[in-house]
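Please read the following report with the sequence and the structure side by side.

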Amino acid sequence: MPALRPFAAAVALALTVTGCGASVESTATDASQPVTLTNCGRTVTYDKVPERVVTNDVGITELMFALGLEDRMAGFAMPDDKGDLTGVPWKDGYDKVKWLSKDQLTKENVLDARADLVFAGWNYGFREDGGFTPEALDKLGIPSYILTESCRNGRTDSSRGIVPPLDALYTDLANLGVLFGVERRAAKLIADFRRQTAEVRAKIPAGAERPGVFLYDSGQDQPFTSGRFAAPDQIISEAGGVNVMHDVRDSWTTVGWESVVARDPDVIVICDYGDVSARRKRDFLLAYAPLRNVSAVKNRRVFVLDYVDLVESPRNPSAVARLGAYLRTVGR
């Protein structure tokens with residue numbers, strides 16, 4: 001993961017942004033000139049600055065909104081439940097950009113949107129099943145950008161993650177800044193997000209034992225959770241905890257309940273989304289007999305974050321702050 005030093009000067013020159021839907025800074029970037037980036041370890045050249053981007057899923061879409069790039073978008077795909085928009089500074093983007101699908105992107109809706117870039121990720125839109133891959137889009141003359149959190153790492157056919165999760169966020173913001181000529185805006189966001197997480201980190205009690213945290217997404221026979229390369233891992237560590245599944249070298253993945261019991265987390269964080277409510281997930285966890293002696297269950301320490309907080313998104317730093325405040329109450 002290259003350091004972001006080239007953006008330090010840009011941070012010093014960053015514009016002050018206020019309110020929602022902040023304007024993109026003016027730039028001398030020639031939209032007709034090619035731009036070369038490193039994406040998932042590959043060098044990729046884009047022939048021009050995209051003007052009709054389509055995105056898949058809420059976190060990816062909000063990366064574009066956070067950079068003020070609504071005018072460069074032709075649409076987005078995501079389920080009905082986007083999570084709480086209260087206080088999200090870029091929420092106006094949802095009113096400005098077309099909602100293409102309440103499922104996920106397909107070749108058909110991408111072509112209908114006349115997209116000139118697809119911004120998605122493996123398991124965030126890109127999938128071998130159905131043939132919606134960067135390679136398939138390339139054959140249609142449509143370039144892609146892959147979410148860094150979802151980069152395949154080669155350990156198995158499906159395992160993902162090549163850098164720590166917040167580094168993935170900063171990498172994508174920096175790359176998008178270069179591609180769209182909004183480097184100062186990207187640099188300011190990165191600097192602000194680093195500052196926010198540093199402020200939470202500074203509140204972690206010195207010398208205190210960090211609570212173990214298990215991320216519960218879904219599943220009853222086997223839980224779906226976060227290994228070290230999904231956003232929850234670093235959200236937990238920056239908040240003052242330890243992801244009990246940090247040794248799993250994957251992003252979002254399935255584990256066994258026996259491994260949860262063996263690691264005895266002090267806190268369980270629920271990922272709130274989908275047809276099963278956070279309340280039902282909590283009720284299941286607290287009543288599930290194999291977990292009855294787990295510290296988090298015995299002490300009823302269950303904390304809820306939205307799906308969009310826990311996938312790579314510009315909401316990650318806020319999630320760090322909220323979880324950090326909760327973890328500081330554990331054991332008092």
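## A glutamine in helix 8

Gln234 is buried in this predicted model, because its relative accessible area of 14% falls under the 20% that sets the limit for a buried residue. Its place is in helix 8, which covers residues 231–239. Once the neighbours within four places in sequence are left aside, Gln234 is in contact with Pro164, Pro165, Leu166 and Asp167.

## The disulfide

A search of the whole structure finds one disulfide, and this disulfide joins Cys40 to Cys151 with an S to S distance of 2.0 Å. The link of Cys40 and Cys151 is left-handed, with -80° about the S-S bond. Cys40 lies in the loop between strand 1 (35–39) and strand 2 (42–46), while Cys151 lies in the loop between strand 8 (144–146) and helix 6 (165–180), so the pair ties together parts that are 111 residues apart in sequence.

The two partners can also be described by their accessibility: Cys40 is partly exposed, with a relative accessible area of 22%, whereas Cys151 counts as buried at 0% relative accessibility. Another cysteine, Cys271, is buried as well, with a relative accessible area of 0%.

## The hairpin that carries Cys40

Strand 1 and strand 2 form a hairpin with two residues between them, and they pair in the antiparallel sense over five bridges. Within this pairing, Leu37 stands opposite Val44 in strand 2. Cys40, in the turn of the hairpin, has a positive phi of about 55°, and this residue is also the one that the disulfide joins to Cys151.

Four strands form an open sheet in the order 11-9-13-14, with parallel pairing. Its edge strands are strand 11 (242–243) and strand 14 (302–306), each of which pairs on one side only.

Strand 9, made of residues 212–216, pairs with strand 11 in the parallel sense over two bridges. In this part of the sheet, Val213 stands opposite Asn243 in strand 11. As a general point for reading such strands, the side chains in a regular strand alternate between the two faces of the sheet.

## Positive phi values in loops

Most residues other than glycine have a negative phi. Against that background, Arg114 has a positive phi, near 55°, and lies in the loop between helix 4 (107–112) and strand 6 (117–122). Arg114 counts as exposed, because its relative accessibility of 58% is over the 50% limit for that class.

Asp264 likewise has a positive value of phi, near 45°, and its position is in the loop between helix 9 (257–263) and strand 13 (267–272). Asp264 is partly exposed, with a relative accessible area of 32%, a value that lies between the 20% and 50% limits.

## The largest pocket

Which residues are the closest to the centre of the largest pocket? The largest pocket has a volume of about 530 Å³, and of the 23 residues that line it, the closest to its centre are Asp57, Asn123, Tyr124, Tyr273 and Tyr307. The residues of the lining divide into ten nonpolar, five polar and eight charged.

Definitions and conventions: Residues numbered from 1 in each chain as written. Predicted model: local features only at pLDDT ≥ 70, side-chain atom pairs only at ≥ 80, totals over all residues. Heavy atoms only, no water. 1 Å grid on protein atoms, 1.4 Å probe; cavity = no way out; pocket = protein on both sides within 12 Å on 5 of 7 lines; lining within 4 Å. Points joined across faces, edges and corners; volume = space filled by probe spheres on them. Nonpolar A, V, L, I, M, F, W, Y, C, P; charged D, E, K, R; others polar. Disulfide = S-S within 2.5 Å. Buried < 20%, exposed > 50% of the residue type's maximum accessible area, 1.4 Å probe, protein only. Contact = heavy atoms within 4.5 Å. Pairing = 2+ DSSP bridges.
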